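Trainee: I have a model open and would like to talk it through with you. Shall we begin?

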Amino acid sequence: MAMISGQNGKFNDARPGCHAIVLCGGEGRRMGGRKELLEFNGEPLLLRLCRSLSGIAERITVVADRKREYAFLPDGVRAIADEVADFGPIAGICAGMRVSDLPLQLVVACDYPLAGSFVWRALADTLARYPEADAVLPEAGGKLHPLCALYRQRTIGAWADAMASGNRRVMAATQRMRLVKWLPGDQAADRLMNMNTPDDYRLAKERLRP
């Protein structure tokens with residue numbers, strides 16, 4: 001697996017051929033409610049994510065654990081259900097990839113409230129430098145973040161095979177892929193904060209306070 005640091009350098013604007021898949025599965029039991037509906041600066045987190053992703057993605061698909069209506073979504077953003085209920089993120093990734101023929105698939109779980117344009121563009125620029133790679137995953141906090149990562153459409157076979165075999169582990173599915181790591185550097189690492197609990201939510205809101 002190659003590594004590249006993204007703490008220096010400038011990133012390009014929106015990328016043609018990029019489809020964003022926003023994962024909204026799960027009931028948010030540890031959070032006490034659905035994460036995508038949490039309020040950030042006066043708007044639902046899901047709306048904030050979609051607005052940010054529109055700066056790089058040609059199309060955006062929201063995938064929930066079951067069919068849900070999000071009246072606040074911008075025009076052109078569609079919402080669909082997981083292919084297999086209660087299977088986890090892999091089912092959402094498969095569902096999102098199957099409705100898009102674009103070559104790049106930017107997968108973002110709804111518990112990454114701080115990621116934003118800097119991360120999306122850094123991932124796109126990194127993968128562009130490695131045409132042989134299947135995906136670029138950020139590494140921060142001592143771990144990889146496969147649910148805030150950029151994949152090529154050709155990886156759909158690996159996701160589908162994992163689901164067919166009953167394997168719910170996202171990192172296990174990526175073992176068949178040629179991966180590149182993006183290292184955001186100390187100043188940007190907190191953008192990959194994973195929000196799971198009310199304490200995480202309070203911290204994320206503090207960091208995003210205008």
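Predicted model: local features only at pLDDT ≥ 70, side-chain atom pairs only at ≥ 80, totals over all residues.

Trainee: Is aspartate 134 buried or exposed?

Mentor: Aspartate 134 sits in the loop between helix 3 (116-128) and strand 8 (135-140). Its relative accessible area is 7%. Buried means under 20%, so aspartate 134 is buried.

Trainee: Which side chain makes a polar contact with the side chain of aspartate 134?

Mentor: Start with the residues in contact with aspartate 134, leaving aside neighbours within four places in sequence: Leu127, Leu150, Tyr151, Arg152, Arg154, Thr155, Met177 and Arg178. One of these makes a side-chain to side-chain polar contact with aspartate 134, at 2.7 Å. That partner is arginine 154.

Trainee: Which residues lie nearest the centre of the largest pocket?

Mentor: That pocket has a volume of about 640 Å³. Strand 2 (18-24), helix 2 (89-98) and strand 9 (143-144) each supply at least two residues of its lining. The lining has 32 residues, and those nearest the centre are Gly25, Gly26, Lys35, Pro89 and Asp111.

Trainee: How many residues of that lining are charged?

Mentor: Sort the lining by residue class. Twelve residues are nonpolar and nine are polar. The charged ones number eleven.

How values were computed
Residues numbered from 1 in each chain as written. Heavy atoms only, no water. Helix = DSSP H or I, 4+ residues; strand = E, 2+ residues; numbered from the N terminus. Buried < 20%, exposed > 50% of the residue type's maximum accessible area, 1.4 Å probe, protein only. Polar contact = N/O pair within 3.5 Å; in protein donor to acceptor, adjacent residues only side chain to side chain. Contact = heavy atoms within 4.5 Å. 1 Å grid on protein atoms, 1.4 Å probe; cavity = no way out; pocket = protein on both sides within 12 Å on 5 of 7 lines; lining within 4 Å. Points joined across faces, edges and corners; volume = space filled by probe spheres on them. Nonpolar A, V, L, I, M, F, W, Y, C, P; charged D, E, K, R; others polar.
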